[in-house]
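Please keep the sequence and the coordinates at hand while reading.

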Amino acid sequence: MSVISGVCFLLCLALVVPLVYVTKNGFYIEKPYTEVITQSVSTPSSSQQSSTDEIVIPEVEIADENSKEDTKNNTDMNNDKLEQSEVLGDITIYDSVNTVISEHWQALSYGIDVSSHDGKIDWKKVAAAGVEFVMIRMGYRGYVTGKIVQDAYFERNIKGAAENGIAIGVYFYSTAITEAEARQEAAWVCQMLDEKAAEGIKILYPVAYDFEEFFNKQKSRAENLSRQQLTKNTIAFLNYVSSSGYNPMLYASKSSITDYWDFAAIKDYDFWLAHYVESTNYKGEYAMWQYTCRGKVDGIKGYTDLNVSYYRYVYPSEPIECINDAVTVYNSYNKNSGEGGIIVKGVIYERIRTLVTGWSEIRYNGMVGYVKTDEIKKAEFTKCDETLTLDSKKHIYSVAATNDTYKVGTLAAGTKIQATATYKNKWYEFIRDGEKVYIKW
């Protein structure tokens, strides 16, 4: 994506004062979005969607590398005068009180974002260079015709990254002018990602919405989009991604996020900040920072974009924890403020992420709160071989958490299952279609 077009001639140095806390371990985020948009699309991940507003996914062709419909091919990047370059991870990270947190760098992850404009990449060399994640452009909607096309190198890039152990996220360059178009873009993206998942390629990092048409110097179908409509389109795309089981993210520059979007409506989404300055003065929270478009990474010819993520995104393979002792739960990152509550020993809850401050973010009875990390431990399942007859209808979960995100089916009363493990006779594990699944008794 390089950055937002026309901004790339800013200095590409590297100090930042993020107003987000850094995680030490992996986590999965599910945020309480204010608008839930569900559509009926015949893809595995959207099987539970129930809207009559059916989305038709068009036939999508693979783009030509030099397509005039690709906005980036028609943008004056004005890079010629830049001589400085950046090295992956060669940056200093500050927390919200200007304290260097280099000792917590293990909580960060460093990556790149790529498209067909980066040419043929040697992914083995990229992995050896220390790249931990990549945000790959899946495609774009043509800025004149409005046709969705697949990035010329998407297949090559996603397979190359996966084969070399690099965590994968994606982005889509949108020129949507309506919410319906934005949902159509998201539906195509999620359908493609579901197909990749079936091939064994996991999408661990976010699925980002990239709109930059206010910087396009050519005549664009979306150049006069209002702030209100752009915000609605963005929410439509991100909510569809979320409802399909992927982690949504908005990509934008520091100036465009404040000038072109209704920030109040999108502030709860993960944000990918593009800002090429020595020290950003952006005051909002962001989960990822694109700090230069002049990066040099072995395996990529020419310059490429470098990023740092403040979270290590992973699938929620073992999110269940249990309290080791009675602890106070706070509803604020600051343990000294906000109302608190007591969780007693033995209660099971879902841990969302761990913070370097020594606290863990949890979800309990619909409330997101924080507990001391050293006062919790994983819930341990005991192996068993027990035939159970269900006394009532039971939901099946991919992990032992009563959260719709993990719901994968139901079993009728009277159904017999062969339990392979149990946790204090409250959760039972069994095998379905070769996968471990769980029911709550």
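## Terms and basis of the model

A salt bridge is taken here as a side-chain nitrogen of Lys or Arg within 4 Å of a carboxyl oxygen of Asp or Glu. The model is a predicted one, in which local features need pLDDT of at least 70 and side-chain atom pairs count only at pLDDT 80 or more, while totals for chains, interfaces and linings use all residues. Residues are numbered from 1 along each chain as its sequence is written, and side-chain values use heavy atoms, with hydrogens and water left out.

Helices (H or I, at least four residues) and strands (E, at least two) are DSSP runs, numbered from the N terminus. A residue is called buried under 20% relative accessible area, exposed over 50%, and partly exposed in between, using a 1.4 Å probe and protein chains only.

## Salt bridges

The structure holds 8 salt bridges. In one of them, Glu 155 pairs with Lys 159, with 3.9 Å between the closest N and O atoms; both residues belong to helix 2 (residues 154-163) and lie 4 residues apart, about one turn of the helix. Both are partly exposed, Glu 155 with a relative accessible area of 25% and Lys 159 with 38%.

Glu 155 also forms a salt bridge with Lys 196, where the closest N and O atoms are 2.6 Å apart. Since Glu 155 lies in helix 2 and Lys 196 in helix 3, this pair ties together parts that are 41 residues apart in sequence. Lys 196 counts as buried, at 3% relative accessibility. Glu 155, Lys 159, Lys 196 and Glu 199 are linked in a network of salt bridges.

A further salt bridge brings together the side chains of Arg 141 and Glu 185, at 2.7 Å from N to O. This pair links distant parts of the chain, with Arg 141 in strand 6 (residues 133-141) and Glu 185 in helix 3, 44 residues apart. Both partners count as buried, Arg 141 at 3% relative accessibility and Glu 185 at 0%.

The expected span of a helix is 1.5 Å times one less than its number of residues. For the 20 residues of helix 3 this gives 28 Å, and the end C-alpha atoms are 28 Å apart, which agrees. Because 14 of its 20 residues are buried, helix 3 is largely enclosed by the rest of the structure. Gly 200, which follows helix 3, has a positive phi, near 95°.

The 17 residues of helix 4 (residues 227-243) should span 24 Å, and here too the value agrees, the end C-alpha atoms being 24 Å apart. The buried residues of helix 4 include Leu 230, Ile 235, Phe 237, Leu 238 and Tyr 240. With contact meaning heavy atoms within 4.5 Å, the buried residues of helix 4 pack against strand 8 (167-173), helix 3 (179-198), strand 9 (207-210), strand 10 (248-253) and helix 6 (263-266). Just after helix 4, Gly 245 takes a positive phi of about 95°.

## Strand 12 and its partners

Two strands are treated as paired if DSSP finds at least two bridges between them. Strand 12 (residues 288-296) is mostly covered, with 8 of its 9 residues buried. Strand 11 (residues 270-274) runs parallel to strand 12 and is joined to it by 3 bridges, with Trp 272 standing opposite Met 288.

## Two buried polar residues

Thr 304 has its place in strand 13 and, at 2% relative accessibility, counts as buried. Its side chain makes a polar contact of 3.1 Å with that of Asp 118, a polar contact being a pair of N or O atoms within 3.5 Å in which, within protein, one must be able to donate a hydrogen and the other to accept it, and residues adjacent in sequence count only if both atoms are side-chain atoms. Among the residues that Thr 304 touches, not counting those up to four places away in sequence, are Ile 112, Val 114, Thr 292 and Arg 294.

Glu 429 is found in strand 25 (residues 427-432). Glu 429 is buried yet has no salt bridge, and the nearest side chain of opposite charge, that of Lys 436, is 4.4 Å away; in this count Lys and Arg are positive and Asp and Glu negative, while His and the chain ends are not counted. A polar contact of 3.3 Å joins the side chains of Glu 429 and Tyr 438.
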